[in-house]
Amino acid sequence: MTHRRWFTPWLLAGPAMVWLAVFNLWPTVNTVILSFTNAKPLGGGRFTGLDNFERVLGDDQLADALLNSIVYLLACLPLLTFLPLLLALLVQRKVPGITFFRTAFYTPVIASAVVVALIWGWVLDDRGLVNGVLQQSGLADAPVSFLTDRWLLLFSAIALTTWKGLGYYMVIYLSALANVGRELHEAAAVDGAGAARRFWHVTLPGVRPTMLLVSVLISVSALRVFSELYVLSNGTGGPGGRDMSVVMLIQMYSRGFTGHLGYASALSLLLFVITLGPMLLLMRLNRKAD
């Protein structure tokens, strides 16, 4: 029997631990340190205490960014929690050609978010396909400002996020549905339960842990949205910059040679705390349901 040296596991785990320390742990610690300074990209800065956090409380741009991120969360959470489940139930059936539809629904997931957002920008432009159809059919006399109106731009980005995420969460639900015992559906059908009652009393309880996981993933992604709003607004954050998300605001403050890394770090910590809120709430709701 080969003698295993005590340091063998550490040699195997070492590269991963170094990677996590350099690219995850240290940036996190550094962000906390920078949030208490007035650091710039080309300078170390000096300690300023809670000045950055006091500035956060009076930032009007942050108020708009928080509102946009919360609206994004409230819209995406129900859409991407329930629509993929219904889609999974649809493509779960074993019928001829169903593999094609599964692939078609999943295709947007593997496409680049930037490329997809560019295509949506062309489609929703004043001279794009959607406005052309609306005007030709008489539903609109003038082009609809999908990309230049504050709320229309925000909801266009929400529609893009929902469309692109459907296939990803559909696959997660397909895995969960495969673990729901078929005998439970058969027993419910024998007892006279229809399709709606079987869905409510058998399917939903069976996939509830997966719904919690999906809800947490959606919450985090919605609060960290960047690419969709950035590309659709051509990097401007919409009219007057009022369609910025919190991540876009952080990027705006941190870029360039005169970037305010200290303030951007304080915003990052605020986003981290805000992101914890929905996660803890969903976990508490799940615990009560148990």
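R150 and D64 are both buried. Please keep in mind throughout that this is a predicted model. R150 forms a salt bridge with D64, and the closest N and O atoms of the two are 3.7 Å apart. This pair links distant parts of the chain: R150 belongs to helix 7, residues 150–178, while D64 belongs to helix 3, residues 60–91, and 86 residues separate them.

How many salt bridges does a search of the whole structure find? The search finds 2. The other one joins R242 to D64, with the closest N and O atoms 3.4 Å apart. Here too distant parts of the chain are linked, since D64 is in helix 3 and R242 sits in the loop between helix 10, residues 227–232, and helix 11, residues 246–254. Taken together, D64, R150 and R242 are linked in a network of salt bridges.

N68 is found in helix 3. N68 is buried, with a relative accessible area of 1%. Leaving aside neighbours within four places in sequence, N68 is in contact with R150 and R242, and also with L154, D243 and M244.

The side chain of R150 lies over the face of W151, at 4.6 Å from the ring centre.

In one, the rings of F100 and F101 have their centres 5.4 Å apart and their planes at 75 degrees. Why is this pair called edge-to-face? The planes stand at 75 degrees, and an angle over 60 degrees counts as edge-to-face. F100 is exposed, with a relative accessible area of 57%, whereas F101 is partly exposed at 41%.

In the other pair, the rings of F226 and Y230 have their centres 5.0 Å apart, with planes at 20 degrees, so this pair is stacked. F226 counts as partly exposed, at 24% relative accessibility. Y230 is likewise partly exposed, with a relative accessible area of 27%.

Let me return to helix 3 and its packing. The axes of helix 3 and helix 4, residues 98–110, come within 10 Å and cross at roughly 160 degrees. The two helices are therefore roughly antiparallel to each other. Which residues make this contact? Helix 3 contributes L87, L90 and V91, and helix 4 contributes I98, R102 and F105.

Next, a few individual positions. G128 is found in the loop between helix 5, residues 113–124, and helix 6, residues 129–136. G128 is buried, with a relative accessible area of 10%. Not counting residues up to four places away in sequence, G128 touches W122 and V123. G128 and P143 are 15 residues apart in sequence, and their C-alpha atoms are 9.1 Å apart in space.

For another pair of positions, consider R198 and T236. R198 lies in helix 9, residues 195–223, and at 24% relative accessibility R198 counts as partly exposed. R198 and T236 are 38 residues apart in sequence and 48 Å apart in space, C-alpha to C-alpha.

Finally, I draw your attention to a backbone angle. Most residues other than glycine have a negative phi. N234, however, has a phi near 60 degrees, a positive value in a residue other than glycine. Where is N234 placed? N234 is in the loop between helix 10 and helix 11, and at 70% relative accessibility N234 counts as exposed.

To close, I would return to the network of salt bridges that links D64, R150 and R242. Thank you for your attention.

Technical notes
Residues numbered from 1 in each chain as written. Predicted model: local features only at pLDDT ≥ 70, side-chain atom pairs only at ≥ 80, totals over all residues. Heavy atoms only, no water. Salt bridge = Lys/Arg side-chain N within 4 Å of Asp/Glu carboxyl O. Helix = DSSP H or I, 4+ residues; strand = E, 2+ residues; numbered from the N terminus. Buried < 20%, exposed > 50% of the residue type's maximum accessible area, 1.4 Å probe, protein only. Phe/Tyr/Trp six-rings, centres within 6.5 Å; stacked < 30°, edge-to-face > 60°. Lys NZ or Arg CZ within 6 Å of the ring centre and 35° of its normal. Axes fitted to C-alpha atoms, helices over the stretch in contact; angles between N-to-C directions. Parallel < 35°, antiparallel > 145°, perpendicular 65-115°, else oblique. Contact = heavy atoms within 4.5 Å.
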